[in-house]
Amino acid sequence: MSDVRGHSLDLKGIGHTFGATVALDEIDLTVAAGELIALLGPSGCGKTTMLQIIAGFLRPSRGEVRFDGARVEHIPANRRRIGMVFQNYALFPHLTVFENVAYGLRARKRPNAEVAAKVEQMLSLAQMAAFARRLPGELSGGQQQRVALARALAIDPGLVLLDEPFSALDKNLRLDMQIEIKTLLKTFGVTSIIVTHDQEEALSMADRIVVLNKGRIEQIDSPDALYDRPASLFISSFIGHTNLLRGTVTETDRVLLDAGPEIDLGRSALRRRGTPVTISVRPENIAFGAERPGAIPVTIRATVPLGAVSVTEGVTASGEPVKISQARAAGIAKAQAGETAWLAISDVSRVSIFSTPIDDVSKHQQRSV
Amino acid sequence: MTPASTSASRQLLPVVPLAALFFAAFVLPLVALVAISLFRTPQFAELSLAQYLRFLSDPFSIKVLTDTLWLGAEVALATLILAYPLALVYVASGPFMRTLITFLIMLPLLTSTVVRTFAWIVILGRDGIVNSAMLSLGLWQAPARLLYTWEGMVLALTQIQLPLMALPVINSLLRLDGNLTRAAEGLGASRARIFITVILPLTLPGAIAGWLLVFAAAATAFITQTLVGGGRIILMPSYIYQQAVGVQDWPFSAALSLIFTLAVTGIVFAIGALSRRYVRGVDAA
């Protein structure tokens with residue numbers, strides 16, 4: 001890793017409204033210089049608004065934006081020293097690859113010799129030196145993306161913003177480009193913010209992930225922590241796959257599942273007896289077992305082989321679907337559709353417990369009547 | 001006749017009336033025009049190329065042609081300069097302003113050219129709005145001659161032909177990807193630089209289309225040229241009229257018509273071909 005040369009970024013109490021719609025509310029975020037952050041959320045969560053505020057295309061209704069501690073809300077986008085990579089790359093179609101990368105330097109009126117040297121350096125970094133004379137329309141999606149990144153980095157930005165940068169790429173190419181671009185950004189040592197609705201993209205790219213939902217930050221954490229200790233029901237189902245099982249707290253450390261058994265959490269549920277809760281268990285944290293107290297009975301629906309793992313779906317007596325993910329070893333007998341199987345939670349410490357949302361409780365109670 | 005060609009001719013049946021009209025009202029007169037232009041005298045005696053040689057050896061006639069083409073070019077340039085700010089405002093506006101601007105642009109097209117031209121006579125005349133205002137404000141001592149001048153003609157034609165330029169320019173600006181201007185802005189470009197390096201080259205097909213439309217329309221605008229020019233400025237349309245109706249020299253006016261038509265269409269095709277060849281990376285509008 002080379003030296004860090006990016007800005008640090010602070011957002012404080014950022015709020016933004018479009019007419020009567022609240023797009024962002026009370027956003028606080030601190031990004032260290034050189035860090036790679038992902039803004040993750042479903043469409044309409046406010047992540048694009050946040051990006052435009054950081055870039056300076058939009059002035060926030062409330063709050064402060066600071067680069068290296070200095071406020072920048074009044075500075076227009078063209079004087080913020082930000083490298084943008086757009087979803088459709090937004091390469092200038094009438095300019096060659098060389099002129100696209102040179103654009104920011106020419107806007108800064110750098111001498112020709114310096115422009116040429118810098119552009120060549122950026123193009124070889126992005127492995128696009130051979131394509132300098134081509135027009136963007138003559139390049140593949142991955143090549144266009146490399147040029148877009150080279151163009152953004154050529155101005156020595158303090159901050160690089162990437163807006164859904166991989167969504168236009170083939171699925172096969174995506175992981176390769178994610179690794180390549182992450183390496184490039186890290187080598188460059190620039191602070192980067194990537195906006196995405198794709199959790200795999202966020203997990204593979206970012207040092208920390210900011211999960212946005214309905215204009216608010218739900219959780220800021222490392223990819224592993226987000227997966228293992230989701231702060232809310234929304235995150236536990238948004239990041240990776242999970243099984244949500246409803247139940248009721250019976251003792252401080254026990255939950256009676258609607259699916260049948262009472263399970264021992266091995267720790268306090270931190271809720272009063274009688275509270276309706278939803279527990280989240282990852283598919284790889286469930287295994288087939290024997291009939292015994294605490295095992296969950298399910299009726300098998302189907303088994304799907306997915307390369308390295310096979311995923312079996314079953315349904316509990318209470319009608320809740322459960323997915324079980326197993327390493328696809330030769331010895332394991334395939335569960336047949338229609339059979340009854342007994343499931344055991346492998347590691348209760350990795351089970352997350354959430355209060356069941358109110359509207360879910362009422363729906364649930366209606367059903368059980 | 002084979003069954004296939006029978007069905008093909010059946011398919012063409014609906015266009016027969018239009019084709020007949022086109023043939024009778026355009027092709028036949030054009031053939032007649034070519035035929036008439038080949039007579040040596042106004043009495044239709046003797047076939048020769050004399051009328052064309054007469055045009056080419058007459059500096060006055062050539063000056064009339066170049067003045068007319070120049071007028072078209074000048075008006076087209078003036079509308080181009082006015083259309084871009086208008087189009088930029090349009091694209092940046094909300095739905096209400098857009099409707100209003102569209103209405104204002106379309107409005108002149110809903111009135112006849114004669115009415116629009118007379119409006120300019122009222123504005124520019126010796127006792128017109130401009131002169132009365134300037135005199136009563138004491139800014140001018142004597143009424144200025146605005147009507148029957150080259151500048152007056154350019155001004156009136158610019159206003160009258162503006163829709164032909166504004167609509168294609170707005171259209172190509174609307175199709176410009178907003179991320180391109182945002183990318184340029186993010187890379188540190190000033191608004192002027194964004195306009196010159198991104199917006200202008202990428203909307204060039206629309207601008208060229210508009211330029212050609214206005215050029216052809218302004219060069220051939222008989223009514224406006226005659227009324228605002230007032231007969232003091234001789235341009236091709238009025239020259240042809242004068243030769244045909246005044247002097248009754250049909251062969252010469254036929255030759256003038258053909259030369260003028262060829263000159264205008266030649267320029268339109270040449271610029272169209274050049275722009276297709278040199279405007280790179282941009283979808284032709």
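Chain B has a radius of gyration of 24 Å, whereas a compact globule of 285 residues would have one near 19 Å. The radius is taken over C-alpha atoms, and the globule rule is 2.2 Å times the number of residues to the power 0.38. This is a predicted model, in which local features need pLDDT of at least 70, side-chain atom pairs count only at pLDDT 80 or more, and totals for chains, interfaces and linings use all residues. Residues are numbered from 1 along each chain as its sequence is written, while chains are lettered from A and ligands numbered from 1 in the order in which they are written.

**Overall form of chain B**
- The C-alpha trace of chain B spans about 75 × 70 × 35 Å along its principal axes.
- Among the 285 residues of chain B, 32% count as buried (20 or more other C-beta atoms within 10 Å of the residue's own, with C-beta atoms placed from the backbone).

**Secondary structure and contacts**
- Chain B contains 13 helices and zero strands; helices (H or I, at least four residues) and strands (E, at least two) are DSSP runs, numbered from the N terminus.
- Of the contacts in chain B with a separation of 6 or more, 75% join residues 24 or more positions apart; two residues are in contact if their C-beta atoms, placed from the backbone, lie within 7 Å.

**The side of chain B that touches chain A**
- In total, 19 residues of chain B are in contact with 19 residues of chain A.
- Helix H9 (178-186) and helix H10 (191-219) of chain B each supply at least two residues of this side.
- H9(B) gives the most to this side, with seven residues.

Note on methods
A residue is buried if 20 or more other C-beta atoms lie within 10 Å of its own, exposed if 12 or fewer, and partly exposed in between; C-beta atoms are placed from the backbone.
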